[in-house]
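Reader: Hi! Could you walk me through this model?
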Amino acid sequence: MFKHKSTLPGFRISLGYTIFYLGLIVLIPLSMLFIKTSSMGLKEIWMVVSHPRTLAAYRLSFTASFIAGLVNVVFGFLIAWVLSRYSFPGKKLIDAMVDFPFALPTAVTGIALTSLYSQNGWVGQYLYQFGIQSAYNPLGITIALIFIGLPFVVRTVEPVLQELDPELEDAAASLGADRWQIFIKIFFPNLIPALITGFTLAFARAIGEYGSVIFIAGNIPGKTEIAPLLIMTKLEQFDYTGATAIAVVMLLISFALLALTNFLQWVSSKRIGMG
Amino acid sequence: MSTRTEPAWIRRALIGIALSFLALFILLPLTVVFMNALNKGIAIYLKSLSDPAALAAIRLTLLTALIAVPFNLIFGVAASWAIAKFDFRLKNLLITLIDLPLSVSPVISGLIFVLLFGAQGALGPWLRAHGIKVIFALPAIILTTIFVTFPMVARELIPVMKAFGNEEEEAAMTLGANGFQTFWRVTLPNIKWGLLYGVILCNARAMGEFGAVSVVSGHIRGQTNTLPLHIEILYNEYNFTAAFAAASLLAMLALVTLILKSIIEFKYRAELAAAGKFVIKMENHV
């Protein structure tokens with residue numbers, strides 16, 4: 001089944017252990033979700049998934065994740081642009097700071113953002129004065145999702161900006177294009193795959209996110225209850241069937257997004273390979 | 001150069017907007033953690049950290065990471081050796097499957113272990129008959145932590161091992177070294193920064209995981225509460241100062257992780273440049 005040309009030892013044992021451990025830790029536990037689903041019957045799944053409370057949770061998770069993803073595309077692109085093309089004091093430190101949302105445990109993110117954006121918080125007190133309620137509602141959820149998604153966009157766009165051939169820019173400039181035309185005609189088309197990949201990664205992470213959201217969300221069923229929280233609630237009521245049905249739909253969407261990202265990366269690597 | 005950049009005022013405006021956004025979304029949350037932790041003074045801060053429940057949570061978090069990280073380290077070395085050094089069919093499928101846990105929601109990561117080991121789960125009746133407790137106990141906490149951090153060493157090591165190629169190992173083998181000597185003396189020195197990088201990221205996630213562990217832990221105070229779960233309980237009890245004190249420990253862990261990560265990236269690039277190899281960018285995604 002497998003072929004290998006290398007003369008190095010350890011192929012069988014390393015691959016064997018990899019597959020064994022992958023099966024034990026990842027594939028067998030994950031397959032439980034599908035085994036459980038197959039024992040439930042479509043009608044039972046549909047009853048759970050089409051329940052107004054579930055639909056409201058899905059709608060909230062997807063809308064908030066989508067908006068957060070769009071905000072991250074705009075600001076993530078801007079941050080990547082500034083970090084890769086301009087020089088200013090403290091740039092290295094700021095570049096390292098971008099990874100902070102990856103490194104900060106989600107529970108800490110959750111309570112920190114709630115403290116900042118609630119009515120008496122450092123930021124919230126000003127927003128509430130203008131009638132903008134920034135906690136315990138969908139806006140609060142979106143703020144948390146912006147925080148956790150930002151590095152995905154910055155880190156996918158940054159390398160593309162750095163690797164873009166400067167001669168393209170020079171050629172366009174020497175042909176009389178102004179900065180705006182160069183941006184629209186040269187940068188933007190080359191950046192689209194990276195922007196979409198960054199958006200998809202941030203979006204996929206956001207729909208499954210739990211820890212950073214539940215503190216700021218409010219968690220009112222049908223209003224501010226995200227899908228992962230609904231799974232948690234069902235589990236606490238020992239409703240394994242309900243939890244599994246909601247989870248399977250979310251997981252399939254995540255996998256579809258993963259496949260889309262891989263496809264986009266494949267397309268853009270082909271493009272670079274040809275250029 | 002002047003044709004390749006924007007007018008100074010646009011540059012300054014863009015830098016200003018980017019930095020304000022980062023200040024609002026990254027610097028402020030970090031600051032607020034430490035301010036809230038210390039707002040009643042250092043004595044209260046230390047007292048809330050030396051509370052028995054807090055100490056038990058810290059101990060459990062350290063224990064979990066101490067077991068989960070080595071497991072994924074051994075896996076990471078084995079997987080990257082097979083993937084980077086050999087050609088075989090379905091390699092891309094294997095890589096995709098290894099990365100799978102990163103795209104599973106934390107809550108679902110916990111759910112699958114409940115379906116496997118829970119009272120109504122596949123192995124539940126057997127476990128109960130034999131008096132083995134997995135869910136709402138340490139084994140499930142460790143297993144879910146291993147699951148959520150599963151690919152984190154492997155995905156850092158694979159590109160690093162690939163970048164060094166097979167020549168050095170093949171030369172060592174030709175000179176009479178056995179497989180173990182070759183790995184220990186040739187491969188390991190080459191991959192040490194990538195390895196350390198993966199371990200640090202894996203450790204940070206293992207200590208900070210909240211959603212997945214929350215599903216399987218049962219929240220038994222002093223017994224199955226990790227540090228992130230301890231924060232949640234304190235916060236929900238309106239004990240904000242203690243919650244932020246515990247959170248400050250994890251925020252410090254995040255800062256130390258980022259600092260070590262930057263140092264390793266720097267060392268790694270310097271070493272590769274000295275060795276005349278291509279500088280490849282290490283994966284940043286946690």
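Author: Happy to; we can look at the contact between the chains and then at a pair of helices. This is a predicted model, where local features need pLDDT of at least 70, side-chain atom pairs count only at pLDDT 80 or more, and totals for chains, interfaces and linings use all residues. Residues are numbered from 1 along each chain as its sequence is written, chains are lettered from A and ligands numbered from 1 in the order written, and side-chain values use heavy atoms, leaving out hydrogens and water.

Reader: Great. How many residues does the contact take from chain B and chain A?
Author: Chain B gives 92 residues and chain A gives 89, with contact meaning heavy atoms within 4.5 Å.

Reader: And what area is buried between them?
Author: About 8,300 Å², with 79% from carbon and sulfur atoms; that is the accessible area (1.4 Å probe) that two parts lose on being put together, summed over both.

Reader: How many salt bridges are there between chain B and chain A?
Author: The count is 2, a salt bridge being a side-chain nitrogen of Lys or Arg within 4 Å of a carboxyl oxygen of Asp or Glu. Glu6(B) pairs with Arg179(A) in a salt bridge, with the closest N and O atoms 2.6 Å apart.

Reader: Which helix of chain B gives the most to the side that touches chain A?
Author: Helix H1 (residues 8–38) of chain B, with 20 residues; helices here are DSSP runs (H or I, at least four residues), numbered from the N terminus.

Reader: Switching topic, which residues of H3(B) meet H8(B)?
Author: Among them are Phe75(B), Trp81(B) and Ile83(B), and the H8(B) side includes Leu157(B) and Met161(B).

Note on methods: Helices (H or I, at least four residues) and strands (E, at least two) are DSSP runs, numbered from the N terminus.
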